[in-house]
Amino acid sequence: MNKKWIITLSIALIIAVGILSRSSLSAEPDVKLELNTDGFIGEYFQPKKPSNTTVVILGGGEFGAHWGREFAKQGHSALSLPYHRQSGLPSQIEEIPLEYFEKANDWLESKNEPSRIIVMGASTNAELALLLAAIFPSKTSGAIAICPSSVTWSNQVFPWSSDQQMAKWTYNKAPLPYLPMEKIKGGNSKLLNTLAYWNGGLNNSQKAEFAAIEVEKIKGAILLITPEDDQVWPSYRMSKMIEERMKIKGKSELLENCIYPDAGHLISAQYVKSFTSQNG
């Protein structure tokens, strides 16, 4: 079996074990560090005898803390890494410098671990995970993208976003290519038709190609966890766009797309909420 596939399958098994196993839920990581140093903020979870794989969970918060503990229970270090909406961090996802994530990577390397770094995220953070793995292939060994995006989007995709259109991400002080979107607005209904909004952007094939994440540059394997009934944004459609790109680039063997027909956009949060309610 290809070594890169072993990485992907091992990460998939970690997730499966975390969801299905009840025997280890009372266990805690041997080390948990609250980090506010070296230019980034985060929570670091480390078992007593860590493997050579660390998972960087983008976005932090409840999602990051939950999965950080779950990975640590299975013997893998994990870094829950927020990058906005916390004290000292930007309030909006706009012009976020990718150097911030490099600093976290450098901190991990300064600890003489690990030999493999997997980046993981859901929704917008899945977009970021694939982007980081593509831009820094020498520093990452693969990506897990839950409700994935095939492109990088502009900042104006939420009602609370700034009025000025700009890139979400920058590197070396330059904006990265993005698919420009007008600021989403509600109509007569209180409900926003976000799925139509995102699909409208993707329908502009020229702009979508310009903003496409170059997933073929990712050094290791890619695991997509895709809900087919996502009513928030077209993660199923975008996962197929990623599949097609990897096929054209001759990299299909490095991609695994796990599709769940009856799942929606909250597929990544459902287990966290279920576990929290059952355990107080």
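**Close-up views of a predicted model**

**Figure 1. Lining of the largest cavity, by residue class.** The residues that line the largest cavity fall into 10 nonpolar, 2 polar and 2 charged. The model shown here and in the following views is a predicted one. The largest cavity has a volume of about 130 Å³. Its lining comprises 14 residues, of which Phe101, Asn105, Val119, Leu132 and Thr140 are the closest to the centre. Two or more lining residues come from each of strand E3 (53-58), helix H3 (99-110) and strand E6 (116-122). Helix H3 provides the largest share of this lining, namely 5 residues. In total, the structure holds 2 cavities of 30 Å³ or more.

**Figure 2. The aromatic pair of Tyr83 and Phe101.** The structure holds 11 aromatic pairs. In one of them, the rings of Tyr83 and Phe101 are arranged edge-to-face, with 5.5 Å from centre to centre and 65 degrees between the planes. Tyr83 is located in the loop between strand E4 (77-81) and strand E5 (96-97), whereas Phe101 belongs to helix H3, so the pair ties together parts that are 18 residues apart in sequence. Tyr83 has a relative accessible area of 1% and is therefore buried, the cut-off being under 20%. Phe101, at 6% relative accessibility, likewise counts as buried. Phe101 is also among the lining residues closest to the centre of the largest cavity. Ring pairs join Tyr83 and Phe101 with Tyr100 and Trp169 in a cluster.

Figure 3. Asn257 is part of strand E11, which spans residues 255-260. The relative accessibility of Asn257 is 13%, and the residue therefore counts as buried, since the cut-off is under 20%. Two polar contacts of the Asn257 side chain are shown. One, of 3.1 Å, is made with the side chain of Ser239. The other, of 3.0 Å, is made with the side chain of Glu243. When neighbours within four places in sequence are left aside, Asn257 is in contact with Leu224 and Thr226 as well as with Ser239 and Glu243.

**Figure 4. Surroundings of Ile218 in a loop.** Ile218 is situated in the loop between helix H6 (205-210) and strand E10 (221-227). With a relative accessibility of 4%, Ile218 counts as buried. Residues up to four places away in sequence not being counted, Ile218 touches Leu130, Ala133, Ala134 and Gly142. Ile218 and Gly142 are separated by 76 residues in sequence, while their C-alpha atoms are 6.7 Å apart in space.

**Figure 5. The protein as a whole, for orientation.** The protein contains 8 helices and 11 strands. Of its 280 residues, 53% are buried. Among contacts between residues at least 6 apart in sequence, 71% join residues at least 24 apart.

Technical notes
Residues are numbered from 1 along each chain as its sequence is written. This is a predicted model: local features need pLDDT of at least 70, side-chain atom pairs count only at pLDDT 80 or more; totals for chains, interfaces and linings use all residues. Side-chain values use heavy atoms; hydrogens and water are left out. Helices (H or I, at least four residues) and strands (E, at least two) are DSSP runs, numbered from the N terminus. Buried means under 20% relative accessible area, exposed over 50%, partly exposed in between (1.4 Å probe, protein chains only). A polar contact is a pair of N or O atoms within 3.5 Å; within protein, one must be able to donate a hydrogen and the other to accept it, and residues adjacent in sequence count only if both atoms are side-chain atoms. Contact means heavy atoms within 4.5 Å. On a 1 Å grid over the protein atoms alone, a cavity is a set of points where a 1.4 Å probe fits but cannot get out, and a pocket is an open set with protein on both sides within 12 Å along at least five of seven lines; lining residues have an atom within 4 Å of a point. Grid points are joined across faces, edges and corners, and a volume is the space filled by probe spheres set on the points. Ala, Val, Leu, Ile, Met, Phe, Trp, Tyr, Cys and Pro count as nonpolar, Asp, Glu, Lys and Arg as charged, and the others, Gly among them, as polar. Rings of Phe, Tyr and Trp (its six-membered ring) pair if their centres lie within 6.5 Å; planes under 30 degrees apart count as stacked, over 60 as edge-to-face and the rest as tilted.
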